[in-house]
Amino acid sequence: MNASPDVLAQLRANPDLQPGRAIRDSAVVAIVLVDGQVDHTTGLYMLRESVRPWPIWCTDSAYADLTLGNPVLGVLEFFCGVDRRRIDLDDTGFNVDGVPGIRWRALPVASKPAPYSPNRDSPVAGDNLALVIEDKVTGKTALYAPGLSAVDERVWRAMQSAACVLVDGTFWTDDEMIRLGISSKRARDIGHLAQTGPGGMLEWLDRLPSATRKILIHINNTNPILDESSAESAELARRGIEVARDGMEILL
């Protein structure tokens, strides 16, 4: 899911992802994108030496972002090529070739399209997604939502029924970057729901069933939860909320 700028480091660090069956080989069979944001797509450049076109799953609006706004996919056509697969928003779900036993379902979420998106000033459904990932054998699901500016009814239902939720943990406070003097924008201005404050992510997570595994992802480097000795990190531990880390494995 997604291709961050450090995707090559991720591949090197995980033996399961580099089976070495041939030159320039990897175990990656497809790429599923939740949006066209630069932090989720820059790694596509690093994967340009594939020996076959990449199957890339994305919505129509994300495809427009990556062909018109920031033409990453056009660049890939000069290298390995792109086998674009369309993500529909009709709740039917989809299967990814080469990933057996897993069913995917896309939920449009309230957030912000990329700054270079044709939809930047007029967002549409499909600019940003959450993904429900279902184990077909057990029926258990995980919800993956790295960008959320609000939790609507559909997303809340998916969170409640999931065995594990991996949700937007970008900022601790809405004015985090303003207080640090690095931006004039609030978290909500760039499409993220802060963890604290009225209606913040922690309040939503506290309402989930006690058995739900709760993991914060997409952590900004300004967020104090990255300091394991901080009061904010201790607060998460008290609430039973985890912070994602490299190499984390999740069993449903």
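**Exercise 1. Charges over rings**

In this predicted model, find which ring the charged end of R48 sits over, and how far it is from the ring centre. Then do likewise for R84.

*Solution.* Start at R48: its charged end sits over the ring of F79, 5.8 Å from the centre. A charge has to be within 6 Å of the ring centre to count, so R48 passes on distance with its 5.8 Å. Now go to R84, whose charged end sits over the ring of Y63 at 4.6 Å from the centre.

**Exercise 2. An aromatic pair and its surroundings**

Work out how the rings of F94 and W104 are arranged, and which parts of the chain the pair ties together.

*Solution.* First, search the whole structure: three aromatic pairs turn up. One of them is F94 with W104, with 6.1 Å between centres and 15° between planes. Planes under 30 degrees apart count as stacked, so this pair is stacked.

F94 is in the loop between strand 3 (82–86) and strand 4 (102–108), while W104 belongs to strand 4, so the pair links parts 10 residues apart in sequence.

Then check burial, where the cut-off is under 20%. F94 has 8% relative accessibility, so it's buried; W104 has 9%, so it's buried too.

**Exercise 3. The buried side of helix 4**

List the buried residues of helix 4 (residues 60–69), and name elements that cover them.

Terms used. Residues numbered from 1 in each chain as written. Predicted model: local features only at pLDDT ≥ 70, side-chain atom pairs only at ≥ 80, totals over all residues. Heavy atoms only, no water. Phe/Tyr/Trp six-rings, centres within 6.5 Å; stacked < 30°, edge-to-face > 60°. Helix = DSSP H or I, 4+ residues; strand = E, 2+ residues; numbered from the N terminus. Buried < 20%, exposed > 50% of the residue type's maximum accessible area, 1.4 Å probe, protein only. Lys NZ or Arg CZ within 6 Å of the ring centre and 35° of its normal. Contact = heavy atoms within 4.5 Å.
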